[in-house]
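Please read it with the structure open.

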Amino acid sequence: GANAATHDTFRGVPGVYDETLTAARWVREAGFRLQVNTTVTRATVLELPEVLQTVLDLEASLWSVFFLVPTGRGSALQALDARETEDVLHWMHDVSDLVAVKATEAPHYRRIAIERARGIRPVLGDLYAELTAATAGVRDGRAGQERRPRPPIDVNSGRGFAFIDHLGDVYPSGFLPMRCGNVTEQS
């Protein structure tokens, strides 16, 4: 589907999407928990319901939805605007009864979860309506579970997480270009 073409184009390797799905199935067959990471951009946002279906089919334990931070290769992509991001975060909260969902680089998801727990529901936009309508078929035959969304309290850069690039340079995060050392030069 659209996901395969988008993924292969982004990675620059034909067929890598299908190989990734195969590897994900091996992870589950070996008895490990599986986490699926997805980057949301203006070009991929309408694929989220299809990605959700894949996440459910793979029996993933966690779906981590990354909101684009336009740095590095990401600067050539288009991030969602504030209204679109709000719509996606509310949609993610809605589907969090199907799979544990974590927003990455979107700490405002915590606000959404708190507001929703208190019964506060803002006026949502066209993107929310479109994602919700496209998800109706995904929900068919699936009972929602008593799950809570995983709202982040803050970012984990430099705290239990580090980014090491292909040259061995260490950064607190892939989004903070502050070199802290290199694994080939020191332990």
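**Notes on the model**

1. W91 is in contact (heavy atoms within 4.5 Å) with L48, P49, L52, W63, Y128, L131, T132 and T135, leaving aside its neighbours within four places in sequence. W91 is buried, at a relative accessible area of 1%. Buried means under 20% relative accessible area, exposed over 50%, and partly exposed in between (1.4 Å probe, protein chains only).

2. A word on the basis. This is a predicted model, with residues numbered from 1 along each chain as its sequence is written. Local features need pLDDT of at least 70 and side-chain atom pairs count only at pLDDT 80 or more, while totals for chains, interfaces and linings use all residues; side-chain values use heavy atoms, with hydrogens and water left out.

3. The protein chain has 6 helices and 6 strands. These are DSSP runs numbered from the N terminus: helices are H or I, at least four residues, and strands are E, at least two. The pattern along the sequence is α-α-β-α-β-α-β-α-α-β-β-β. Of the 187 residues, 39% are buried. Among contacts between residues at least 6 apart in sequence, 66% join residues at least 24 apart.

4. How many aromatic pairs are there? Rings of Phe, Tyr and Trp (its six-membered ring) pair if their centres lie within 6.5 Å; planes under 30 degrees apart are stacked, over 60 edge-to-face, and the rest tilted. The count is 2 aromatic pairs. The W63 and W91 ring centres are 6.1 Å apart and the planes lie at 85°, so this pair is edge-to-face. W63 sits in strand β2 (residues 62-67) and W91 in helix α4 (residues 82-95), so the pair ties together parts 28 residues apart in sequence. W63 is buried too, at 0% relative accessibility. The other pair, F163 and Y171, is tilted, with 6.3 Å centre to centre and 45° between the planes. F163 is partly exposed at 35%, whereas Y171 is buried at 16%.

5. Which residues have the most contacts inside the largest nonpolar core? They are L52, W63, F67, V88, W91 and M92, in a core of 35 residues. A nonpolar core is a set of buried Ala, Val, Leu, Ile, Met, Phe, Trp, Tyr and Cys residues joined through side-chain atoms within 4.5 Å. Elements that each supply at least two residues include α2 (16-29), β1 (35-40), α3 (48-57), β3 (100-104) and α6 (126-139).

6. R116 is found in helix α5 (residues 109-117). Is R116 buried or exposed? At 17% relative accessibility, R116 counts as buried. R116 touches H90, H93, D94 and R121, not counting residues up to four places away in sequence.

7. An open sheet of 3 strands runs in the order β4-β5-β6, with antiparallel pairing. Two strands pair if DSSP finds at least two bridges between them. The edge strands are β4 (163-164) and β6 (181-182). Strand β5 (residues 169-171) pairs with β6 over 2 bridges. D169 has N182 in β6 as its bridge partner.

8. L167 lies in the loop between β4 and β5. L167 is exposed, at 53%. L167 touches N182 and T184, not counting residues up to four places away in sequence.
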